[in-house]
Amino acid sequence: MLEIIEANLPALQVVVPLVAAPVCAMLGRGGRAWAFATGISFLTFAISVSLFATAYGGSPISYEMGSWAPPIGIEYRIDVLNAFVLMIVSGIAAFVMPYARLSVASEIPAERQAFFYTAFLLCLTGLLGVTITGDAFNVFVFLEISSLSTYALVASGAWRNKRALTAAYNYLIMGTVGATFFVIGIGMLYMITGTLNMADLAVRIAEHGDSRTLRMGFVFIFIGIGLKLAMFPLHLWLPNAYSFAPSAVTSFIAATATKVAVYVLLRFMFTVFGFDYAFQASTLENVLLPVAIVAMFAASLVAIFQDDLKRMLAYSSIAQIGYMLLGLAFLTHTGLVATIVHLFNHAVTKGALFMVAGCFVLSAGTSSISGLRGVGRDMPWTTAAFVAGGLSLIGLPLTVGFISKWYLVQASLELGWWPVALLIMGSSLLAIIYVWRVVEAAYLKPAPEGVTRREAPLSMLVPAWILVGLSIWFGIDATLTTTAASRAADTLIGSSQILWQE
Amino acid sequence: MPDIVLDLDFFLGHYNYWMFVILMMTGLYVTVSRGNLIKKIVGLNLFQTSVFMLYISMGKVIGGTAPILTGDPDTVYSNPLPHVLILTAIVVGIATTALALALVIRIRETYGTVEEDDILKMEHEMDFGVRKPGGGSR
């Protein structure tokens, strides 16, 4: 029995939350749906830890769905890179679920909560599926499972603020355009190669060589994923979706959805389009690099002028995605390590910060920075968690943010691109400003008259502090994350024939 | 890469693909340009449908029949895989449309309108508490 389970872990990773979702919908109102969904999220986390332990040892797992051998059948292929991302996604879900109970109870009517947790589990299924699969069309299907449930989750913020509806609508329009672009790109690749398996695609594209169809496919996929991951000029859906979604949803999707999209980009750039391909290299250097740098500055600048804490963090997310894309655009081993390690670091940091924002919404009834004056005295633990998370966002030593920036700066210096290194540090200065605005309001301004705010409940504080703790722990001892990222970068480089810059 | 030559056979032979491009661009343009939320969804549907056409066209083998085993080894079959993929994509498309329409119903209930300009105006008032001078289009 145990052996059967162990042999089918890759399938169970996706099937468990998928099957659990409709069951959850039938559990009715009250805490039962929540307890069930929490149990399931811990179970998926346990599965992904076990998969990571296997893949970390260096042997990729290949699982044939329904025993149809690839490239005909759908293959689930797990190497260090996607095992790492799987662990981020399911881990964040496992921390968000305990946090969600009180936060969701205050934002969503009791009779709708079961459906909320159903959508949450479906979203988790989709994100895990995108990460685990080795089949290009399968990526699209799972991407849409996660996106559709995310639209519904964002719209469920409407009980608190009706603008969640328009935010979800705009997200739906842009997300669907992005997904459709992605399918067109896959279609172009299928026309050339006649296969959908990623490993097989890579081989056949390399044999096929450059052509106009291939370039079109590349561009469609690049733009399609760009929309999903909020690459700078395509980010317009993100700020409203993050600000008006329920707090638990924001901390989950901010920490995972864009990271998974970055993973898909990495996978397609280096595994699928993995041969030496001048068009791709010039796209990375002439499009992705400037876009990433502009994102770092423009989004941080906009963040400085936001009054709403959640919206400020949303803009900061766009800037942080800029860092990830920057690492990718370097086309070096160190750059890739920076990108992959920042996937983890930013997930932990932003997850914690959005949880803190949710605590403020619950206890202080507002997430506007001017409404949070003097909150440091009333809610010391929550505010302290914000400060610790904020320091990581800035990239101070002893936090995970520092590790990411260290690798990014190192990667740019290796190439001799010292202006880029200066720009990375310059954009960190902007982060200091927007984090400081909140700290100033919380500690230095007097509280408004007649306002009483209690400390956030423990079930919300503890998950937030665990994530903050992780962001400090892996800032002091980053061996595990950087080794995993380095091995993941090795497999990406090993699977591609791109001439890597030394 | 071959040079582009104007060739009537090429032009007519790729009729489905031209239609795919025209439908796709029409759909995308409608999605972006219309202010009515329902019309945006119509555009999105056109856009998605055009992709179905692309996939179905590429599965067609000239002279091929429907991919049902006939027992005759000389039979030429069309490629069934793209058609199957598109069945999945159609389901995704329907789910997206249903969700979008459900959202529009909720928007109509809370805002009282499905015109993007009016909604933006209201949201601007919510943000700044004043009416935006000179209309709402951004």
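1. Helix axes here are lines fitted to C-alpha atoms over the stretch in contact, and the angle between two of them runs from 0 to 180 degrees between N-to-C directions. The model discussed in this note is a predicted one. In chain A, the axes of α6(A) and α7(A) cross at roughly 175° and come within 9 Å. An angle over 145 degrees counts as roughly antiparallel, and α6(A) and α7(A) are therefore roughly antiparallel to each other.

2. On the α6(A) side they are A:Ala136, A:Phe137, A:Phe140, A:Leu143, A:Glu144, A:Ser147, A:Tyr151, A:Val154 and A:Ala155. Among their partners in α7(A) are A:Ala164, A:Tyr171, A:Gly175, A:Phe182 and A:Leu189. Sorted by class, the contact of α6(A) with α7(A) has 18 nonpolar, two polar and one charged residues.

3. How many of the residues of α6(A) are buried? The count is 20 of its 20 residues, and the helix is mostly covered. Helix α6 of chain A takes in residues 136-155, and its end C-alpha atoms are 29 Å apart; this agrees with the 28 Å that its 20 residues should span at 1.5 Å a residue.

4. From α16(A) the contact uses A:Thr383, A:Phe386, A:Val387, A:Gly390, A:Leu393 and A:Ile394. From α18(A) it uses residues including A:Ser428, A:Ile432, A:Val435 and A:Ala442. Ten residues of the contact of α16(A) with α18(A) are nonpolar, three are polar and none is charged.

5. Is A:Ser428 buried or exposed? A:Ser428 has 21 other C-beta atoms within 10 Å, and 20 or more make a residue buried, so A:Ser428 is buried. Apart from neighbours within four places in sequence, A:Ser428 is in contact with A:Ile394, A:Gly395 and A:Lys405. A:Ser300 is 128 residues from A:Ser428 along the chain, with 8.8 Å between their C-alpha atoms.

6. A:Gly39 belongs to helix α3 (residues 31-56) of chain A. With 12 other C-beta atoms within 10 Å, A:Gly39 is exposed, since 12 or fewer is the limit for that class. A:Gly39 and A:Gly129 stand 90 residues apart in sequence and 19 Å apart in space, C-alpha to C-alpha.

7. In chain B, helix α2 (residues 15-33) has 19 residues and reaches 27 Å from its first C-alpha to its last, close to the 27 Å expected at 1.5 Å a residue. The buried residues of α2(B) are B:Phe20, B:Met24, B:Gly27 and B:Thr31. These residues cover an arc of only 70° around the axis, so they are on the same side of α2(B). B:Tyr15, B:Trp18, B:Ile22 and B:Ser33 are exposed on the other side of α2(B). What do the buried residues of α2(B) pack against? They pack against α7 (163-193) of chain A together with α3 (37-59) of chain B.

8. The two chains meet through 26 residues of chain B, which are in contact with 26 residues of chain A. On the side of chain B that touches chain A, α3, α4 (80-111) and α5 (116-128) of chain B each supply at least two residues. With 13 residues, α4(B) gives the most to that side. By class, the side of chain B that touches chain A comprises 18 nonpolar, five polar and three charged residues.

Notes
Residues numbered from 1 in each chain as written. Chains lettered and ligands numbered in written order. Predicted model: local features only at pLDDT ≥ 70, side-chain atom pairs only at ≥ 80, totals over all residues. Contact = placed C-beta atoms within 7 Å. Helix = DSSP H or I, 4+ residues; strand = E, 2+ residues; numbered from the N terminus. Nonpolar A, V, L, I, M, F, W, Y, C, P; charged D, E, K, R; others polar. Expected span 1.5 Å × (residues − 1). Arc of directions from axis to C-beta. Parallel < 35°, antiparallel > 145°, perpendicular 65-115°, else oblique.
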